[in-house]
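Here are some quick notes on the aromatic side chains, for you to read with the model open. Have a look at the rings before going through the points.

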Amino acid sequence: MENTVKKILSFLKETLDTILFVLIAVVVIRFFIGELRWIPSGSMHPTLIEGDRLFVEKLSKPVRELQRGDILVFYPPDEPLRKDFFSILSRLTGILCKDVAFIKRIVGMPGDKFEIKSEDDGYFVYINDEKLNEPYILSKTDWMPCRDDMYCGPFVVPDDSYFMMGDNRGNSQDSRFWGFLPKHRVIGRAVFVFWPITRTQKL
């Protein structure tokens, strides 16, 4: 009987050690290297479509500064992040994480003068009074018209903040609605689509 109890305790200890090691490894990988994400909506058409699986790198933050055109995964500023132990653990491991995350493109950088203008043949972003070339967007005409309660400019993007927009300008809940993205809310930079195979591409 004593041997049986010892075997059970030994088995439980090995199992708990394995689980703990896996959790630590997952946290280290997600925090310092990267994580996998999937696209649930059409706000980034045509660059990303529903069901795309992509790799989001964390190493880009110390390796180089973020640049205009980078595609970021982030926690939107109007969504509170729960700070209890289990919420933080789920955020670190990705297991049962319920925090809302968006994926959009950096259009406005800190210090930029930003403005959206309606012209005869469509809508355009102006950065520092110059029209921004955006070959990645779905359409220059299919945009949500600017309203008084939207962030359409002109304004200057604050320090340590970004103005984020989806490539599908007619169907994207982005900075036009909730304002600037603080740098500390960035999860990582989307680097490449790895699935499905037919959609594999560098971003």
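1. First, the burial terms: buried means under 20% relative accessible area, exposed over 50%, and partly exposed in between, with a 1.4 Å probe and protein chains only. Tyr151, at 35% relative accessibility, therefore counts as partly exposed, and Phe180 gets that label at 22%.

2. On provenance: this is a predicted model, where local features need pLDDT of at least 70, side-chain atom pairs count only at pLDDT 80 or more, and totals for chains, interfaces and linings use all residues. Residues are numbered from 1 along each chain as its sequence is written, and side-chain values use heavy atoms, leaving out hydrogens and water.

3. Rings of Phe, Tyr and Trp (its six-membered ring) pair if their centres lie within 6.5 Å; planes under 30 degrees apart are stacked, over 60 edge-to-face, the rest tilted. That rule gives eleven aromatic pairs. One of them is Phe74 with Trp178, tilted, at 5.7 Å centre to centre and 55° between the planes. Phe74 is in strand β3 (residues 71–74) and Trp178 in helix α4 (residues 175–178), so this pair ties together parts 104 residues apart in sequence. Helices (H or I, at least four residues) and strands (E, at least two) are DSSP runs, numbered from the N terminus. Phe74 and Trp178 are both buried.

4. Back to Tyr151 and Phe180: their ring centres are 5.9 Å apart with planes at 70°, so the pair is edge-to-face. Ring pairs also link Phe114, Tyr151, Phe155, Phe163 and Phe180 into a cluster.
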